[in-house]
Each structure stands twice: as structure tokens, then as C-alpha cells.
Amino acid sequence: MLKSEMQLDALTNTLRSYRECDPSVARAMPMEMYTSEALFDLEMERIFRQEWICIGRTEQVDHVGAWFTADVAGEPIVVTHAEDGQIRAMSSVCRHRYMAIASGQGTSRRLQCPYHRWSYALDGTLKGTPLMETPSAADGSICRLPSFSVETWLGFVFVSLATNPEPLAPQLDGAARTLAPYAMDDWRIAVAVDEVWPGNWKLALETALEGYHLDGLHPGPIADMLPSRGAKFIEATDRWSCFRLAINFESEFGAPTKPFADAMGGDDAIASPTVSIHPHVNISCSPAATTWLTFHPIDTGHTRVRGAYLVPPGEFERMHQTEGEVEMTTDAINQLNREDSSAMVGLQRNARSRFAEPGLLNEREEALVHFYRYLADKLSPDNEDQQ
Ligand code: FES
Ligand SMILES: [Fe+2]
């Protein structure tokens, strides 16, 4: 057995140990989980090239001609709203010589490759091949962009590279119920987030799976509003988990949310839910807004973090009519993300320490254990144990 295979074997054994462990005495994962190239390759193959991956909001393709691009496990993707009203997710690799036919976002009738200007309709059919008379190449029926399964859920756009993925929405029934009071289908992107964090995707995601770190990484108005002591793990399935944060309405950031909370009632009036959908989505609610983040692996030590601060349409209007409000919110979101991403630097640096030992998890970190179990299911499934 090669050394890398032995290491991978040891790591998947460790993951399996989380299946049976009592969460109240569970420990962090060993740091090799965040540095192993072999494990990273397995994650790409079995998770990011198979699962439903969240890449945007329906707002980004809410009219005919709108499109945006994304990347899933190294595959460049373009999402379009074609004339037939359908939202499609397709490979954006040109059928001529591999250039990405689109980047960023925009609105147009066609997508044109910048290299030799082949052009495609928004349903992926090839429409134009300048200076070429090969009829077969221009025949959309035999030359079109490969398409992928796409599903929208609460206004989020998910894509799967798998051939026949199981429909997503039924797997998230419970999560939809938890998020129902926020009715976020038509919420708007008030501040977009797109940055690279210097850490493994699992390290980056884990900051979003628990509220235990709030006092540590977010001292000041954020921890005043949502102190660590108020964080409480609620529930988990094999697809998602949820914890809640108790809001301090006396605090600077908490006070303005009180009317929204009062209007909601129930648990949400006092404690905002954070729902994490495996493998990489985090939806963190407060009564007047939602912070939505997705964690896309780049390599073992870098993660692209995309998402947005989402607000109800009325709140979106109000923010844009109030001078300085958008800038102030952007600063606050950037500050929050800077505090989380800065922790990555230290964590990733210590990932190779010979003295780094997995410590005991706090009860507020229980969602981590459920995420580790999910990883075990995907990377080391039961039927594989018997082989
Ligand atoms: S690579 Fe796209 S037109 Fe040549
Ligand atoms: Fe954080």
C-alpha cells in the first residue's frame, strides 16, 4: 500500500468513528483531514461532482436573457434564463477549443466565445461559427453545451453534475419548515460576497456551523447581539443541520431587529436559526436579513466563499433609499467575513503542527459531528466497508 493510500485509509477510518460516537464527548477532526491531497480528490469526486451544489440566487436570472457563471469542482458553469422561460445550468466550455464562453454575469440573447466568436443560444444550442461552413458544427442538434440538473429552492439555485441526482427539495423538507417564517424566495441580494479564504473548505465551513466562536472572533456589536452563550444546537438529519442564536435586543445591532422579530413570533422571535445544508451551504437568519454563504473548495488550503446578505424586498428598497445604508451594511458584512477568514490563516498554518491534537468539542458545536458523519457516509459508505 502506498503511503498516501495508508493515510487516506486512516482518515476514512477516523471519519467512520464519528458515526457511533456520543456527540457529548466528540473531538475535533485530526488536522490531516484539512491537508490531505488524497482526501481532497475523494471529496471532489464523491461530493462536489455528485451532490447538489448551491451556486446562486434566482434573482440573478429573473428575466429572459439573464445569465451568470459559477464553478463547481473545477467545472465552469453558466446558468441562463432562456426564451422558453427555463433556467438551465450548462458547461461553459466552448465546443470549439475549450475557452470559457462567458464569465461574470450579464443579459444577452446569445453567449459568444471571446476566442473565435462561436455563439450559443441561451438553451445551449450552437448558433454561429464565423468563417466556417461546416453545417454539422452549426447544427444545434448535434453540437450544444452539455447541460446539468438544476433545481431552485427558497430562491437558491442548485446544480448537480451527477447523471440522475435525487430531487433536492424533498430532502430538505424539514429545513424548509425551519426557514418558512423568513419566506426568503423573493429576498434580494443587498450585499454580494465573493472572496477567497486561505483555508481548507471544511475549516471555512466549520466556522459557520457553530455559534460558539462568536465571542472569540466577533467581539463588539456582533457578539453583543449574538453572544456565544446563547448558541444552541437544535437538530440534524443526514442532509442538513440547525443551530440557533439567542438575540440580545438590548444591543446596538439587535435593537433594530426587534419589530421584525415581534412580527414573526414563535422561536424566531427570540432565537435566529442557522441552517447548514451539506455539503457547503450556510443560511444564517436574523429577523430582518439572512447571511447566505457557500464554501467552494479550490485546493486543500483555499476556499472560494460566495454568497450574499439577503433582505426582504421592502427592506431592500428602504436600504437603497437611505443614504449610506448600503455602504454601512457592506462594511459590517466585510468585517464579519474578515474576522472569520482571518482565523483560517492561523488554523491552516497549524495544520502541519506535530503537536496539534483534536480537542473536545463544546455542546454548541454538535453540528460539526453531524457534518463529519455526512462526510463518512459520502467518503466511506457502509457498502464499501464490506468490500
Ligand atoms: S474556443 Fe470558442 S470559438 Fe474557439
Ligand atoms: Fe463567524
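**Strand β10 and its surroundings**

Student: Which residue in β10 is the bridge partner of Glu151?

Tutor: That's Phe158. Keep in mind that this is a predicted model.

Student: And what does Cys54 bridge to in β10?

Tutor: Phe158 as well: Cys54 has Phe158 as its bridge partner.

Student: How many bridges join β9 to β10?

Tutor: Five, and those two strands run antiparallel. β9 covers residues 147-153. The two make a hairpin with two residues between them.

Student: Which residue in that turn has a positive phi?

Tutor: Leu154, with a phi of about 50°.

Student: Is β10 itself buried or exposed?

Tutor: Buried. Five of the five residues in 156-160 count as buried, so the strand is largely enclosed by the rest of the structure.

Student: Which way do the β10 residues point?

Tutor: Phe156, Phe158 and Ser160 go one way, while Val157 and Val159 go the other.

Student: Switching to helices: how do α1 and α2 cross?

Tutor: At roughly 65°, with the axes coming within 8 Å. The crossing is right-handed. From α1 the contact uses Ser4, Gln7, Leu8 and Leu11, and from α2 it uses Ala38, Leu39 and Leu42.

Student: What classes are those residues?

Tutor: Five nonpolar, two polar and no charged.

Student: Last one: where are the domains?

Tutor: Domain 1 is 59-160 and domain 2 is 169-374. Their C-alpha centres are 32 Å apart. Six residues of domain 1 and eleven of domain 2 make the contact.

How values were computed
Residues numbered from 1 in each chain as written. Chains lettered and ligands numbered in written order. Predicted model: local features only at pLDDT ≥ 70, side-chain atom pairs only at ≥ 80, totals over all residues. Axes fitted to C-alpha atoms, helices over the stretch in contact; angles between N-to-C directions. Helix = DSSP H or I, 4+ residues; strand = E, 2+ residues; numbered from the N terminus. Left-handed = near helix turned anticlockwise from the far one by under 90°. Contact = placed C-beta atoms within 7 Å. Nonpolar A, V, L, I, M, F, W, Y, C, P; charged D, E, K, R; others polar. Domains from an automatic or database assignment. Buried ≥ 20, exposed ≤ 12 C-beta atoms within 10 Å, placed from the backbone. Pairing = 2+ DSSP bridges.
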